[in-house]
Structures are given as structure tokens and as C-alpha cells.
Amino acid sequence: MKTYSYSFRNESSMKAALGRDMRDLPAQYPELFAPADRVCVVTGSDAPPSLRARTLALFPEKARPHAYYWLPPSESAKTLEEAGRLASFLFEEGFSRSSLVIAAGGGAVTDLAGFAASIYMRGIRWISVPTTFLAQIDAGLGGKTAVNLGGAKNIAGAFHQPALAVCDTAFLDSLPHAELRSGGGELVKYAMIGPAALRDTVGKHLSGTLAGDKAALTACVSACAAYKLKLVARDERDERGVREALNFGHTAGHAFEAMAGGRLPHGEAVARGIRFALIASRETGILGRADFARLDAMLAPLRLKPAPVRKDFRHFLSLVSRDKKARGASNRFVLIAGPGRLAPAEDLDVPLLKKAFEGALK
Ligand SMILES: NC(=O)c1ccc[n+]([C@@H]2O[C@H](COP(=O)([O-])OP(=O)(O)OC[C@H]3O[C@@H](n4cnc5c(N)ncnc54)[C@H](O)[C@@H]3O)[C@@H](O)[C@H]2O)c1
């Protein structure tokens, strides 16, 4: 097991544990569990029974959680109403400022439960237990919590670091291939934005990961999670430009995901958002044709099918212009000048955006 510990400028701190078949968290982290008067496990109602069993295996018999809360499936959980319902449940169950929420599930569960923990009694501690590949390399780490609003992604949210993030790759044994492929979108992102060593690790293990190979999954979770945690430690609130790299492919990707109304998994939307960013980078002239071809080829193993998104360019434009990362510009995207060389760009021309939009959804 690898462990990490970070302190942030606002005096909060977090720990992370990456490994397989973890057991007895209360014994390993007494400083988190001993002061907790109550513990609630939050998970998705569509998760397989093995996920609940494996979550319970993180606790010894004598220290089982006091309460369980099941969220609606996947993305449909990420609403303000659901965050309110969870907060009310915690109140009815007598949860106090010393209590602990444990979010065990994919990114939708960690986003929603982390957000509810951030507003309950002005913020209580939570533990993130990401159980999808995508959430173990990305969503379950970093303290960005959010719900969707007005047909757009992650519009209401908070930075609220989990006191502990536990990435146990044994959870991935039950993950369907479609979810591995979705995680592949974020994995390719790391290969494009990260240093050469990370690119090599992803390149070596991408096809094994998509096939569910345990060693490949573990290698990618270790490398990508460690890289994300490093960026988050340097720019916890996404204010210094360091963390912005993680948004590569996400502005267009979030728009595609919202436009598909739940029919396009997050990672697949991000993969198309990456293709959008590659085409836009080539068209602005910052990415040479050879590098474009090299980076675009990294998406090939994902075998992207035509996206179930209506090709409504006006809707796309309205979503990207209202993206919270636009910062007052008419649009803002993280573009790329070559492997590991990112270049944020604002106010891109509409004809260029249209070309990238059409190319991304082909
Ligand atoms: N906060 C962040 O920094 C951040 C980063 C990236 C993505 N996200 C968010 O994460 C979400 C996507 O997360 P996701 O890809 O994990 O999807 P998800 O949370 O919708 O989960 C996908 C499906 O996998 C199932 N599942 C979960 N664990 C399983 C397991 N071990 N075995 C079998 N099935 C399992 C779930 O029940 C669900 O049906 C999006 O809402 C996205 O916006 C957040």
C-alpha cells in the first residue's frame, strides 16, 4: 500500500491510500475514526452487492458504520435536491460536526456525498472511497465536489477535501468493461498532459487496462492518482494555473455530456472533448500536424463510436460560454502545444470552434 499526506494553505489536510484488499481503516487511521461519533456510508443504489460487501470489509465487525444511504443511480444523484435529502437524513440520524461521511462509489457518489458533507453543519469530514477506475484516477481525489444545475455540469459545488481518499483496486474486479472504457478517457488525458514517465506508463498499460487486467489497472491507478494528488497539493483551489491542466478536454467534454442527457458516460465525453481540444489546437496553429497525429493516435484504443449527441452547435456554444472556467471570456479552453505542453486559450473564433465540434463528434 502507498500512502500520501498533504497539507494545504488553508490549513486543511488530506491523506490518501492506494493499494489492494485494504482492511480495518479505523485501526489504520485512528485520528480520523476515534473522534467520529457517527459514521454514514453513502453509496449508489445501482452498485452491485459486492461493492457494499467490500466497503464493509474496510471496517472490523465491532466498528461497523451506524447508517447507510443509497443514492439514485449514477449522474441522476447529482442534484441539489438529493444533496438536501442526504443532509436531512444525516440530521434525522443525529449526525454532528464530529461525524464522518464515507462516500463509496463512482465519481457521481463522491461528488454528491462530498458536496453534502461540505454543506452539512457548514462542513463535516468525509472519506472518499472511489470504486470505478475513473474515480480512482480522478474524480474521487482532489476535493472538487458538485451537483449539476440547469442542464449543465457541476454548476453548484464546493472545494471540500476528503480527510482520506482510499483507492482500493480490488473494487475494480466487478467493474463492467463499459466503465473501464469510460475511465480510459481520463487515462488518455493523463498521458497527454503529464510528464514522459506517466505517458510511458499509460502507453504500456492502456490496452491491458481496457481489458480489465489487474496489474495494468493497479499500475495506472498508482501513477495517475499520485500525479493528480501532486497537482492538487500545489493548487488546491484551482487558482494558480497548475490544476487547470486536469481540465484538458473537459470544457467541450462537459458540454457533450450535458447535451447527451445521461447517454454519454463522463470519460467518453472527455475523450471527445480531448479530440475537440486537439483539433482546436491544430487549427490555431499551436499544435503541429505531426504532434496532432501522434496525440490523436492515443485515442484510437478507446474505439470511440459516434456520440449519442444531437449536433446542435448553438447549444454547445451556449454551454461552453457559460462554463464556470470561462472567467468572463466568451469561451476558454485548455489547448495543447505538444505532449505535456498545455496552453489555455480564450475567445476562440466561432468557425474554428465549429470545425473542432464537428470533428470531435464524428
Ligand atoms: N470531482 C472531480 O474532480 C471529478 C473529476 C472527474 C469526474 N467527475 C465526475 O465523476 C462522475 C463520473 O464518475 P464515474 O465514471 O465513476 O461514473 P458513475 O459514478 O456514474 O458510476 C458509473 C457506474 O458504475 C457503477 N459502479 C461503481 N463502482 C462499481 C464497481 N466497483 N463495480 C461495478 N459497478 C460499479 C455505478 O453504480 C454506476 O452505475 C461525473 O459526474 C463527473 O462529472 C468528478
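Visitor: Phe357: buried or exposed?
Guide: Buried, because its relative accessibility is 1%. Buried means under 20% relative accessible area, exposed over 50%, and partly exposed in between, using a 1.4 Å probe and protein chains only.

Visitor: What kind of model is this?
Guide: The model is predicted: local features need pLDDT of at least 70, side-chain atom pairs count only at pLDDT 80 or more, and totals for chains, interfaces and linings use all residues. Residues are numbered from 1 along each chain as its sequence is written, and side-chain values use heavy atoms, with hydrogens and water left out.

Visitor: Back to the rings. How many aromatic pairs are there?
Guide: The rule first: rings of Phe, Tyr and Trp (its six-membered ring) pair if their centres lie within 6.5 Å; planes under 30 degrees apart count as stacked, over 60 as edge-to-face, and the rest as tilted. That rule gives 12 aromatic pairs.

Visitor: Why is the pair Phe313 and Phe316 called stacked?
Guide: The ring centres of Phe313 and Phe316 are 6.2 Å apart and the planes meet at 25°, so the pair is stacked.

Visitor: Where do Phe313 and Phe316 lie?
Guide: Both are in helix H13 (residues 313-321), three residues apart, about one turn of the helix. Helices (H or I, at least four residues) and strands (E, at least two) are DSSP runs, numbered from the N terminus. Phe313 and Phe316 are both buried.

Visitor: And Phe316 with Phe357, what sort of pair is that?
Guide: Tilted, with 4.9 Å from centre to centre and 45° between the planes. Phe316 sits in helix H13 and Phe357 in helix H14 (residues 350-360), so the pair ties together parts 41 residues apart in sequence.

Visitor: Which residues make up the ring cluster?
Guide: Ring pairs link Phe256, Phe276, Phe313, Phe316, Phe333 and Phe357.

Visitor: New topic, the ligand. Which residues come nearest?
Guide: Asp46, Ser74, Glu75, Thr132 and Ser174, out of 27 residues around the ligand. A residue is near a molecule or strand if one of its heavy atoms lies within 4 Å of it.

Visitor: What is the residue make-up of that shell?
Guide: The shell has nine nonpolar, eight polar and 10 charged residues. Ala, Val, Leu, Ile, Met, Phe, Trp, Tyr, Cys and Pro count as nonpolar, Asp, Glu, Lys and Arg as charged, and the others, Gly among them, as polar.

Visitor: How far is the ligand from Asp46?
Guide: A ligand oxygen is 2.6 Å from a side-chain N or O atom of Asp46. A polar side-chain atom of Ser74 is 2.7 Å from a ligand oxygen. Phe171 has a backbone N or O atom 2.9 Å from a ligand nitrogen.

Visitor: How much of the ligand does the protein cover?
Guide: 90% of the 880 Å² of accessible area that the ligand has on its own. Areas come from the Shrake-Rupley method with a 1.4 Å probe; for residues, only the protein chains shown count as cover.

Visitor: Why does the ligand lie between the domains?
Guide: Domain 1 (2-174) and domain 2 (177-360) both give residues to its shell, so the ligand lies between them. The bounds come from an automatic or database domain assignment.

Visitor: Last one, Lys153. Which side chains does the Lys153 side chain contact?
Guide: Glu75, in a polar contact at 2.7 Å, and Glu257, in a polar contact at 2.9 Å. A polar contact is a pair of N or O atoms within 3.5 Å; within protein, one must be able to donate a hydrogen and the other to accept it, and residues adjacent in sequence count only if both atoms are side-chain atoms. Lys153 lies in strand E8 and is buried, at 9% relative accessible area.
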